[in-house]
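This report describes one protein model, with its helices, cores, salt bridges and surface taken in turn. The sequence and structure are shown first.

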Amino acid sequence: MQYPYDISVVVPLFNEEESLPELVRWIRRVMHAHEFSYEIILVDDGSTDRSWEVIQDLSADDNTVKGISFNRNYGKSAALHMGFQRCAGEVVITMDADLQDSPDEIPALYDMIKHQKYDLVSGWKQKRFDPISKTIPTKLFNAATRKLSGIQLHDFNCGLKAYRQLVVKTIEVHGEMHRYIPVIAKWNGFTKIGEKVVKHQERKYGTTKFGLERFVYGFLDLLSISFVSRFKKRPMHFFGTMGTLMFVVGLGITMWLIVQKLFGLYTDGRVRDIVDQPLFFLALVTVILGVQLFLAGFLAEMVSMTSSKKNEYLVRDHIGSVKA
C-alpha cells in the first residue's frame with residue numbers, strides 16, 4: 001500500500017505558544033536530514049493563549065504543518081483521537097509539545113516500525129527530570145499496569161510513541177485512555193509492542209498541565225479499561241455469571257433452611273421460624289442481587305448490540321489539508 005507520507009507527527013497541545021516554533025523547526029530539521037516525507041499535525045486542545053495563532057503562522061510558512069483547533073478543552077485523548085483520524089503517514093509518531101520529547105528519536109522509532117515490524121513502540125524515559133512527587137507515583141502506576149495488562153513496558157504514559165498506521169486507525173481513544181494506548185492496542189490484536197529508551201528533556205517553557213490527581217484518575221481508568229476491553233462485546237458473560245452464582249447461592253441457602261425446618265419438625269417439633277434467622281435475609285438479598293445482575297447483563301448486551309455512539313468533538317477550525 002502506498003502512503004502519502006513516510007511519517008505523520010501528531011502533537012496534542014494546550015497553551016504551548018512559546019514552544020511550538022522551536023518544536024516545528026526541530027522536527028523539520030530531523031526530517032530533512034533523513035529525507036523523510038512527512039506531515040506535522042498540531043491539535044490545539046482549546047488553548048486560551050496564542051497557540052492557534054502560532055499554528056496558523058507556522059502553517060503559512062510551511063505546508064507540512066497542519067492544524068486542528070477544538071472549540072474547548074477536551075483532553076489529551078480527544079486530541080490524539082482527532083490526530084489519528086486525520087493522519088496519512090505510514091508511521092505515526094506522537095509527542096508532547098513542551099519540548100521534553102526529543103524529535104531526534106524519530107528516525108530510530110521509524111526504523112523499529114518500518115523495518116523491525118513492530119506494531120507499536122513506546123518511549124521509556126529512563127532518566128527523568130521530574131520531582132520525586134511525580135516519579136514515585138509514576139513507578140507505582142506503571143507497575144500496576146504491567147501486572148494487569150501483561151505488557152512489559154516501563155513507561156506506559158510516555159508521550160513519545162510510534163505506531164503502524166493500521167493501529168491508530170483501528171483503536172479508539174476517549175476519556176483519559178491515552179495512558180493505556182498499548183493496552184488498547186494489545187486487546188485489539190496488535191501484540192508486537194516494543195520499547196525504546198528515549199531522552200527526557202528538561203522543561204524549557206511554562207509549567208506542567210497535569211497535577212497529582214491524574215494518578216487517581218489513572219488508576220480508575222485502568223480498572224475501567226480492563227473491564228471494558230474484556231467485556232464490552234459480551235457483558236452478559238460478566239454480569240450473567242455473577243448474577244447466576246449469587247442466585248444459586250441464595251437459593252441454596254433458602255433450600256437448606258427449609259430442609260432444616262422440616263427435619264426439626266419431624267424429629268422433635270421444636271424449630272425456629274425461618275424469618276427469625278439472619279441467614280434467611282442473607283439468602284433473600286443474594287437472590288435479589290443475582291436477579292438484578294442478570295438483568296443488568298441482559299440490558300447491557302442489548303445496548304452493546306445496538307449502540308452506534310462515536311467520539312464527537314466540536315472542531316472550531318482547521319488548516320492545511322486536515323479536514324474536520
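## Helix H2 and its cover

The buried residues of H2 are covered by parts that include E1, H1, E2, strand E3 (65-70) and strand E8 (315-319). Cover is judged by contact, meaning heavy atoms within 4.5 Å. Helices (H or I, at least four residues) and strands (E, at least two) are DSSP runs, numbered from the N terminus. The buried residues in H2 are Ser51, Trp52, Val54, Ile55, Leu58 and Ser59. They lie on the same side of H2, because they cover an arc of only 155° around the axis; the arc is that of the directions from the helix axis to the C-beta atoms. Ala60 and Asp61 are exposed and sit on the face of H2 turned away from its buried side. Buried stands for under 20% relative accessible area, exposed for over 50%, and partly exposed for what lies in between (1.4 Å probe, protein chains only). An α-helix has 3.6 residues a turn, so residues three or four places apart point the same way.

The model is predicted: local features need pLDDT of at least 70 and side-chain atom pairs count only at pLDDT 80 or more, while totals for chains, interfaces and linings use all residues. Residues are numbered from 1 along each chain as its sequence is written, and side-chain values use heavy atoms, with hydrogens and water left out.

## Overall make-up

The protein chain contains 10 helices and 8 strands. Of its 324 residues, 45% count as buried. Among contacts between residues at least 6 apart in sequence, 81% join residues at least 24 apart. The chain exposes about 17,100 Å², of which carbon and sulfur atoms supply 59%. Accessible areas come from the Shrake-Rupley method with a 1.4 Å probe, and for residues only the protein chains shown count as cover.

## Nonpolar cores

A nonpolar core is a set of buried Ala, Val, Leu, Ile, Met, Phe, Trp, Tyr and Cys residues joined through side-chain atoms within 4.5 Å. The largest such core has 36 residues, and Ile7, Val9, Leu20, Met31, Leu42, Ile93 and Met95 have the most contacts inside it. Two or more residues each come from strand E1 (5-13), helix H1 (20-33), strand E2 (38-44), helix H2 (51-61), strand E4 (89-94) and helix H4 (106-114). H1 gives the largest share, 7 residues. A second, separate core of 32 residues includes Met82, Phe84, Phe156 and Ile193.

Apart from neighbours within four places in sequence, Val9 is in contact with Ile27, Met31, Glu39, Ile40, Ile41, Ile93, Met95 and Ile106. Val92 is located in strand E4 and is buried, at 0% relative accessible area. Not counting residues up to four places away, Val92 touches Ser8, Val10, Phe84, Cys87, Lys161, Ala162, Tyr163, Gln165 and Val168. The C-alpha atoms of Val92 and Gln165 are separated by 6.1 Å, although the two are 73 residues apart along the chain.

## Salt bridges

The structure holds 7 salt bridges, each a side-chain nitrogen of Lys or Arg within 4 Å of a carboxyl oxygen of Asp or Glu. One of them pairs Asp96 with Lys76, the closest N and O atoms being 2.8 Å apart. Asp96 lies in the loop between E4 and H4 and Lys76 in helix H3 (residues 76-86), so the bridge ties together parts 20 residues apart in sequence. Asp96 is buried at 18% relative accessible area, and Lys76 is buried at 16%.

Glu90 and Lys114 form another bridge, with the closest N and O atoms 3.0 Å apart. Glu90 is in strand E4 and Lys114 in helix H4, 24 residues apart. Glu90 is partly exposed at 22%, as is Lys114 at 27%. Asp101 and Lys125 also meet in a salt bridge (2.9 Å, N to O). Asp101 lies in the loop between E4 and H4, and Lys125 in the loop between strand E5 (120-124) and helix H5 (132-149), so parts 24 residues apart are tied together. Asp101 is buried at 0% relative accessibility, and Lys125 at 7%.

## Nonpolar surface patch

Phe247, Val248, Leu251, Met255, Ile258, Leu262, Leu265, Val271, Val291, Phe294 and Leu295 form a nonpolar patch on the surface, with about 930 Å² of accessible area together. Patches are made of residues with over 30% relative accessible area and no salt bridge; like charges are joined within 9 Å, and nonpolar side chains (Val, Leu, Ile, Met, Phe, Trp, Tyr) within 5 Å. Helix H9 (235-267) and helix H10 (278-306) each give two or more residues to the patch, and the largest share, 7 residues, comes from H9. Ile258 is found in H9 and is partly exposed at 35% relative accessibility.
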